[in-house]
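Here are some friendly notes to read alongside the model.

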Amino acid sequence: MTHPVRILGIDPGLRRTGWGLITVTGTRLAYVGCGTIVSGNDDALATRLRALHDGLQRVVAGMEPDEVAVEETFVNKDGQATLKLGHARGVALLVPALAGLPVAEYAANLVKKTVVGTGHAEKDQVGAMVRFLLPKADPGTADAADALAIAITHAQHRAARARLAALAPQAGRKAGALAGGI
């Protein structure tokens with residue numbers, strides 16, 4: 001029996017950053033908690049980033065994840081908005097890194113494809129699948145549901161990476177044997 005791994009998913013945003021924590025034991029997923037960190041729209045950028053930092057720091061300290069997954073930045077036509085999102089994402093990457101946690105990153109389309117089955121799913125479809133996969137979850141916001149979806153994506157992809165890593169030494173030996181025979 002494998003031990004449970006606690007995975008924190010983070011959906012970064014300057015106004016609202018969603019977080020969601022699950023455990024994965026083998027292939028079994030379990031809901032632990034979720035929420036949204038909110039910063040004041042009228043506050044200075046530095047103040048908003050500090051609010052995000054402090055909120056994520058409390059989540060990491062209180063929830064004690066083993067691994068963290070963060071959604072990659074979606075680049076849109078508004079360069080200023082994309083840059084601000086990049087600032088929030090930087091904080092979302094920095095807080096767990098400072099805590100010594102491994103951090104993975106996933107594109108929004110990959111998260112949707114993993115959880116819903118299509119890379120262009122709507123937010124309500126993502127929320128519905130999160131509730132189906134984690135029946136005890138009741139995310140109060142779309143941001144918290146997205147964060148749980150990011151954690152689910154990491155749970156699925158970390159298993160695939162582990163299988164590939166286990167095969168890598170065998171593949172290396174086979175490639176070496178083939179090269180030696182040429």
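**Notes on the predicted model**

1. In this predicted model, 59% of the chain's contacts with a separation of 6 or more are between residues 24 or more positions apart.

2. On the secondary structure, the chain holds 5 helices and 5 strands. Their order along the sequence is β-β-β-α-β-α-β-α-α-α.

3. For overall dimensions, the C-alpha atoms fill a box of roughly 70 × 35 × 35 Å along the principal axes. Of the 182 residues, 40% count as buried. The chain exposes about 10,100 Å², and carbon and sulfur atoms supply 57% of that area.

4. Asp 11 deserves a look. It belongs to strand S1, residues 5-11, and is buried yet has no salt bridge. Lys 123 is the nearest side chain of opposite charge, 4.7 Å away; a salt bridge would need a side-chain nitrogen within 4 Å of a carboxyl oxygen. Leaving aside neighbours within four places in sequence, the contacts of Asp 11 include Arg 16, Glu 71, Asp 143 and Asp 146. Thr 17, Gly 18, Ala 147 and Ile 150 are also in contact with Asp 11.

5. Glu 64 is one for your backbone check: its phi is positive, about 50°, although the residue is not a glycine. Where does Glu 64 sit? Glu 64 is in the loop between helix H1 (45-63) and strand S4 (67-71). Glu 64 is also exposed, at a relative accessible area of 56%.

Key. Residues numbered from 1 in each chain as written. Predicted model: local features only at pLDDT ≥ 70, side-chain atom pairs only at ≥ 80, totals over all residues. Heavy atoms only, no water. Helix = DSSP H or I, 4+ residues; strand = E, 2+ residues; numbered from the N terminus. Buried < 20%, exposed > 50% of the residue type's maximum accessible area, 1.4 Å probe, protein only. Lys, Arg positive; Asp, Glu negative; His and termini not counted. Contact = heavy atoms within 4.5 Å. Areas by Shrake-Rupley, 256 points an atom, 1.4 Å probe, with all protein chains shown as cover.
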